[in-house]
Amino acid sequence: PLAIPSRTPSNRHIDYSTTIGTLDARTQSLGGWTLDVHHAYDFTKQVVYRGDGSSQGGGNIGSNIEVFAGNGTAVSSRDGFPPQLAGFKYPYAAVHQPGGDVFIPDGQVIRLVKGGIVTPYAGSTPSNYHHSGDLASVGFQFINSMTGDGRGNLYVADSGVERIRKISGNSVLLIAGGGSLQATNIPTDAKLLRVGPIRTIAAADDGTVFYSSDSQNGIVRVG
């Protein structure tokens, strides 16, 4: 028979290495500085590339909401139950404090959500709403705004008696309101002012309080 041609497979490759230089951090708009682990955002793709190698797009954040507290009835009820089973009549604010505790004012009382259970926290003596004292002896007439300062303190705006009080630990302290002076008399002792009806309240980490009210047509700072 005639000879049959054959092939012998062969591979060729070249190894090449070189130094490409260091990262030019000027493109990161950080003044030439960079971090060992940081995020970057792609405006075109609208994707965040995290420093751990993962990514997050705006389309997969999700928009689901859920009820945290309240069973749909306008009646304060069911302390000792999970917050979704408890009733709230006037839940005009919610304050999340370090450690995960959530405080919810409910008319004349403040209720605490801790460990997945609702319990009474303050306001057990509604008639004693003018003074300072401890949690067991002080009441509120109508709480319409409340905030925290990040240190575990609460600031309660009681429009029923036009007063602002601070709750620190077991103590309730009057910090503003109870007087008859208007904002035109500022600066003065905040406890000599007529502060309400109070619309909203905020607090800085150092305990400085800001509030707005119908009687002053502006923002007042206390502290």
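Mentor: Let us begin with the contacts. Of the contacts in the protein with a separation of 6 or more, 33% are between residues 24 or more positions apart. The model is predicted, and its mean pLDDT is 82, with 79% of the residues at 70 or more.

Trainee: How many helices and strands does the protein have?

Mentor: The secondary structure consists of zero helices and 15 strands. As for burial, 31% of the 223 residues count as buried. The protein exposes about 14500 Å², of which carbon and sulfur atoms supply 53%.

Trainee: What is the strand order in the open sheet of five strands?

Mentor: The order is β8-β12-β11-β10-β9, and the pairing is antiparallel. β8 (133-134) and β9 (143-148) stand at the edges; each has a single partner strand, so one side of each lacks a neighbour in the sheet. Within this sheet, strand β11 (residues 163-168) pairs with strand β12 (residues 171-177) in the antiparallel sense over six bridges.

Trainee: How many bridges join β14 to strand β15?

Mentor: Five bridges join β14 to strand β15 (residues 218-222), and the two run antiparallel. They form a hairpin with four residues between them. In the turn, Asn217 has a positive phi of about 50°. Across the pair, Phe210 stands opposite Arg221 in β15.

Trainee: Let us turn to a single residue. Where is Thr208 placed, and why does Thr208 count as buried?

Mentor: Thr208 lies in the loop between β13 (198-203) and β14 (209-213). A residue is buried when its relative accessible area is under 20%; Thr208 therefore counts as buried, because its relative accessibility is 13%.

Trainee: With which side chain does the side chain of Thr208 make a polar contact, and with which residues is Thr208 in contact beyond its neighbours within four places in sequence?

Mentor: The polar contact is with the side chain of Asp206, at 3.0 Å. Leaving aside those neighbours in sequence, Thr208 is in contact with Ala202, Ala203, Arg221, Val222 and Gly223. Among these, Arg221 is also the residue opposite Phe210.

Technical notes
Residues numbered from 1 in each chain as written. Predicted model: local features only at pLDDT ≥ 70, side-chain atom pairs only at ≥ 80, totals over all residues. Heavy atoms only, no water. pLDDT = per-residue confidence, 0-100. Buried < 20%, exposed > 50% of the residue type's maximum accessible area, 1.4 Å probe, protein only. Polar contact = N/O pair within 3.5 Å; in protein donor to acceptor, adjacent residues only side chain to side chain. Contact = heavy atoms within 4.5 Å. Pairing = 2+ DSSP bridges. Areas by Shrake-Rupley, 256 points an atom, 1.4 Å probe, with all protein chains shown as cover.
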